[in-house]
Amino acid sequence: MPDFPTEILNSPAAAEAVRIITELKNAGFEAVLAGGCVRDALLGRTPKDFDVATDATPDSVRDVFGKRNTLAFGESFGVIGVLPPRPETTEHPASNAKESAGKLMPTEVATFRADGSYSDGRRPDSVTYGDAEADALRRDFTINGMFYDVFESRIIDHVGGVDDLAKGHLRTIGKAIQRFEEDKLRMLRAVRFATTLGFSIEHKTFAAIQNHASDISVVSGERIGAEMRRVMTAPAVDFGLETLVDTGLSLHIWPQLQTMNWTEFSTAIQAAKRPSFEVAMAIALFHLPGDSMHTLRLIFDDWKLSVAERRAIEAALTHAETITQCDGLAWSKLQPILVDADAPTIVGTARALAPKSRGVARAGRALSGAPNELDPPPLVTGADLISSGMRPGPEFKAILQSIRDDQLDGKLNSREEALKRIPTGDE
């Protein structure tokens, strides 16, 4: 396992965490980097954020940084958000301070703690403040239970996280059954970490998931959906979904996965090359038997997907196969698909389904072209038809569409030609 890469501490987010640690140290408290940022740094990955753990109580943290510079993220669980220093200004200080505050990203500062019982299977009923070892022991997996002391340049590991990182091994801290009873979502998080990090799940941890998979049903759809988005956008998503099946979690999260065509799905998802969540979902649904739209509706309700996510996936399911076969399709039939708001999802899905398709190549070229070539202004509008004496109705719409189709297909090249297609009052 490599040493902690200190160059990571040069990023703005890390520098802010170091500033906070420094101020807490100067106030007489212990403070270290904690959890995921330590894990990612040791894996050579750039952490998305840097969390701080300390023996200072929430009240002490607020005293050190001032109440105006802190947010009560989860004060009852010992978590305070600390804002970066506000930029100094002499011009319109009130308005500038308000504008700057809206752009500030707080750093989470958590007090070392031990958790009480978890009666709701999600959050502890009570917490007691403690030391770094107690805090490590209440966390989920060993790879998330390490700390880093930036002043002494040393990793603090009470749970064997360093060894498990080196082995590519995902293991709960303490008894797996207890960790999963505390928070049922941890079972799905185990699959997510194994998928995103390329780790194996330790056999006792894996067995505990299998034995308690049905408990995932009590977890809210929002939390399940958040984890599944990360599984679906991981490079090894095919491994992740197969692991859902092997652990039994899929029966309670996505039952249709039991009948997945794994060989074809793996080929398509790898061809997609780091697809978006929407593209990955469409690819998966294409490789499941049955009514894809019906399955999507169930997932939409169960995972609490956004309307935009559902719309994009539906568009891909509706049009992706057309794109794979569009090489000889009239431009007037293809163009409406490519100007759809979800065209990137549609074409991305089509590319995964048929990466060597000339139709996909054609659609890709069109999307990368000039906007006026992809979607030129119409030669005739509804206002032109109304000016000629027509009234909106079925014929009105049919005439506009016919003129637009001929424009796109190059049969009409000027507004003058198009206007001649409008029926006169004598016709």
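Helices here are DSSP runs of H or I with at least four residues, strands are E runs of at least two, and both are numbered from the N terminus. Counted that way, the chain has 23 helices and eleven strands. With a radius of gyration of 28 Å (taken over C-alpha atoms), the chain is well over the 22 Å that the globule rule gives for 427 residues, so it is more spread out than a compact globule. That rule is 2.2 Å times the number of residues to the power 0.38.

Before going further, please keep in mind that this is a predicted model: local features need pLDDT of at least 70 and side-chain atom pairs count only at pLDDT 80 or more, while totals for chains, interfaces and linings use all residues. Residues are numbered from 1 along each chain as its sequence is written, and side-chain values use heavy atoms, with hydrogens and water left out.

Contact means heavy atoms within 4.5 Å. Among contacts between residues at least 6 apart in sequence, 65% join residues at least 24 apart.

Now walk to helix α18, residues 343-353, which is mostly covered, with eight of its eleven residues buried. Among them are Ile346, Val347 and Gly348. The cover over these buried residues includes α13 (262-272), α14, α16 (307-324), α17 and α19.

Two of those covering helices also meet each other. Helix α17 (residues 331-338) and helix α19 (residues 358-368) pack at an angle of about 60°, their axes 11 Å apart. Axes are lines fitted to C-alpha atoms, for helices over the stretch in contact, and angles run from 0 to 180 degrees between N-to-C directions. From α17 come Trp331, Leu334 and Leu338, and from α19 come Arg362, Ala363, Ala366 and Leu367. Six of these contact residues are nonpolar, none is polar and one is charged. Here Ala, Val, Leu, Ile, Met, Phe, Trp, Tyr, Cys and Pro count as nonpolar, Asp, Glu, Lys and Arg as charged, and the others, Gly among them, as polar.

Helix α14 (residues 277-286), another part of that cover, holds alanine 280. Alanine 280 counts as buried because its relative accessibility is 0%. Leaving aside neighbours within four places in sequence, alanine 280 is in contact with Met232, Ile269 and Pro275. Its C-alpha atom is 21 Å from that of threonine 247, 33 residues away along the chain.

Threonine 247 takes us to helix α11 (residues 237-247), where the buried residues include Val237, Leu241 and Thr247. Among the elements they pack against are α8 (185-197), α10 (221-232) and α13. Just after α11, glycine 248 takes a positive phi of about 90°.

Not counting residues up to four places away in sequence, arginine 404 touches Gln335, Asp375, Pro376, Pro377 and Pro378. Arginine 45 lies in the loop between α2 (36-42) and β2 (51-54), and counts as partly exposed because its relative accessibility is 37%.

Methods
Buried means under 20% relative accessible area, exposed over 50%, partly exposed in between (1.4 Å probe, protein chains only).
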